[in-house]
Structures are given as structure tokens and as C-alpha cells.
Amino acid sequence: MAQPALEALVEALRRQPGVGPRSAQRIAHHLLQHDRPGMLQLARALEQAAGKVGHCARCHAFSESPLCAVCQDPARDARMLCVVESEADQAAMERTGSYHGLYHVLKGRLSPIDGMGLESLGVEQLLQRASEPGIEEVIMATGFTAEGEATAHALATALRARGVKVTRLARGVPAGSDIEFVDLSTIAHALSDRR
């Protein structure tokens with residue numbers, strides 16, 4: 001019979017995305033049996049992050065200060081604003097090293113089934129921000145899922161109604177891939193968006 005502390009650990013792990021009951025149990029057992037120092041390090045890091053990490057008042061990315069490092073960086077191109085669904089998407093954009101503008105991190109993407117409408121995404125803050133003097137272009141960098149496309153379309157419509165120039169990330173065949181292995185939708189979009 002499992003102890004209450006072990007049950008609580010398994011349940012806490014199980015709440016994480018992509019971690020099912022069996023995986024949670026394996027992780028808990030591994031930490032307890034083979035990596036107590038790692039377990040304590042993880043507990044300290046979680047407690048510290050929970051107490052210190054909030055959201056940037058301007059772009060809504062994770063930050064330990066009122067404004068994140070990107071928003072505070074005077075070298076960023078303040079004429080461009082890239083709209084992403086999550087902090088993970090922003091981190092991916094940053095890893096490319098090819099975008100040097102500012103960001104606006106949404107609180108997800110449109111999903112009526114999950115109760116996520118435009119107001120849930122924080123669209124009013126985006127509209128205000130995109131209307132600030134100096135913003136010349138808003139780049140929609142939402143995912144190419146049905147929800148991401150719907151989000152990009154709805155936001156672009158609202159922004160264009162305010163006279164804001166809106167662009168969308170291009171999509172196409174991934175570098176280094178053979179055409180025969182690329183899904184048909186990607187090929188069709190690459191063909192229609194060819195340069």
C-alpha cells in the first residue's frame with residue numbers, strides 16, 4: 001500500500017502535460033530510489049520559480065522583474081511586434097537568432113471547446129500595444145493548427161480594422177526534407193506561398 005506522501009508525489013507529477021499515471025509513478029520511484037539529491041534540487045527550483053517568476057507587464061512573457069529582458073533591451077527593433085501563443089513559442093523564436101523585435105505572448109489560442117475566446121487571450125492588451133506609436137508591423141506567429149490559424153485570422157482581422165500592418169509566418173517544406181515525405185497540406189501551402 002502506497003504512503004500518502006508517495007501518492008501526493010505521483011499525483012503532482014501526473015498533473016504535468018504528457019505525464020500519465022504510469023510515467024508519474026516511474027518518475028516518483030526513480031527519484032526516491034536513485035536520485036534524492038536531484039529530487040531535492042527539483043523541489044527547491046520549483047519553490048523558487050513559483051515564488052519569483054511572474055509575467056512581464058508589457059509582453060506577458062515569464063519574468064522575475066516587472067519588465068522582461070527583451071522588453072528592457074534598447075537594441076530590440078521596437079517597430080516589430082511578434083505575437084506568439086506561449087512562452088515556449090517565444091523561446092523557440094529567440095533560439096533562431098533571426099528575429100530582433102519585440103513580442104506579445106498570448107494566453108493560449110482560440111479553443112471554444114476549452115472556453116478560450118478572444119477575451120481569454122488578452123486581445124485588448126494586444127490591440128492597445130499594436131496601436132502604440134512606432135509599431136509598424138505585427139507578425140502572427142501562432143501555430144499552424146486549426147486553432148492557431150483561427151487565432152491568427154481573428155487577431156489579424158481586429159488589428160487590420162485599426163489600420164495595423166499584419167503579416168503571418170510563412171510555411172513550407174522543412175529544410176533538409178524530401179518532398180515525398182512531406183504531408184500534402186504543407187506541400188500545397190508551400191506551392192501557393194512560393195517566392
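Trainee: How far is the sulfur of Cys-82 from the closest cysteine sulfur?
Mentor: This is a predicted model. The closest cysteine sulfur to that of Cys-82 is in Cys-59. A disulfide needs the two sulfur atoms within 2.5 Å. The gap is too far for a bond, at 11 Å.

Trainee: Is Cys-82 buried or exposed?
Mentor: Buried means under 20% relative accessible area. Cys-82 has a relative accessibility of 0%. Cys-82 therefore counts as buried.

Trainee: Which cysteine holds the sulfur closest to that of Cys-56?
Mentor: Cys-56 is itself buried, at 1% relative accessibility. The closest cysteine sulfur is 3.8 Å away, too far for a bond. That sulfur belongs to Cys-71.

Trainee: How many disulfides does the structure hold?
Mentor: A disulfide is a covalent bond between the sulfur atoms of two cysteines. The sulfur of Cys-56 is too far from its closest partner for a bond. So is the sulfur of Cys-82. For the structure, the number of disulfides is 0.

Trainee: Which residue of strand 4 stands opposite Cys-82?
Mentor: Strand 3 covers residues 77-84 and pairs with strand 4. The pairing runs in the parallel sense, over 5 bridges. Opposite Cys-82 stands Tyr-103.

Trainee: What is the handedness of the β-α-β unit made by strand 3, helix 5 and strand 4?
Mentor: Helix 5 spans residues 87-96. Together with strand 3 and strand 4, helix 5 makes a β-α-β unit. The unit is right-handed.

Trainee: How many residues of strand 4 are buried?
Mentor: Strand 4 covers residues 101-105. Strand 4 is largely enclosed by the rest of the structure, because the buried count is 5 of 5.

Trainee: What kind of aromatic pair do Tyr-99 and Tyr-103 form?
Mentor: The count comes to 1 aromatic pair. The ring centres of Tyr-99 and Tyr-103 are 5.2 Å apart, with the planes at 65 degrees. Planes over 60 degrees apart set the class. The pair is therefore edge-to-face.

Trainee: Where does Tyr-99 sit, buried or exposed?
Mentor: The relative accessible area of Tyr-99 is 8%. The cut-off for buried is under 20%. So Tyr-99 is buried.

Trainee: Which element supplies the largest share of the lining of the largest pocket?
Mentor: The largest pocket has a volume of about 280 Å³. Among the 15 residues that line it, Met-93 and Thr-96 are included in those closest to its centre. Strand 6 supplies at least two lining residues. The largest share is 4 residues, from helix 5.

How values were computed: Residues are numbered from 1 along each chain as its sequence is written. This is a predicted model: local features need pLDDT of at least 70, side-chain atom pairs count only at pLDDT 80 or more; totals for chains, interfaces and linings use all residues. Side-chain values use heavy atoms; hydrogens and water are left out. Buried means under 20% relative accessible area, exposed over 50%, partly exposed in between (1.4 Å probe, protein chains only). Two strands pair if DSSP finds at least two bridges between them. A crossover is right-handed if, with the strands pointing away from the viewer, the path from the first strand over the helix to the second runs clockwise. Rings of Phe, Tyr and Trp (its six-membered ring) pair if their centres lie within 6.5 Å; planes under 30 degrees apart count as stacked, over 60 as edge-to-face and the rest as tilted. On a 1 Å grid over the protein atoms alone, a cavity is a set of points where a 1.4 Å probe fits but cannot get out, and a pocket is an open set with protein on both sides within 12 Å along at least five of seven lines; lining residues have an atom within 4 Å of a point. Grid points are joined across faces, edges and corners, and a volume is the space filled by probe spheres set on the points.
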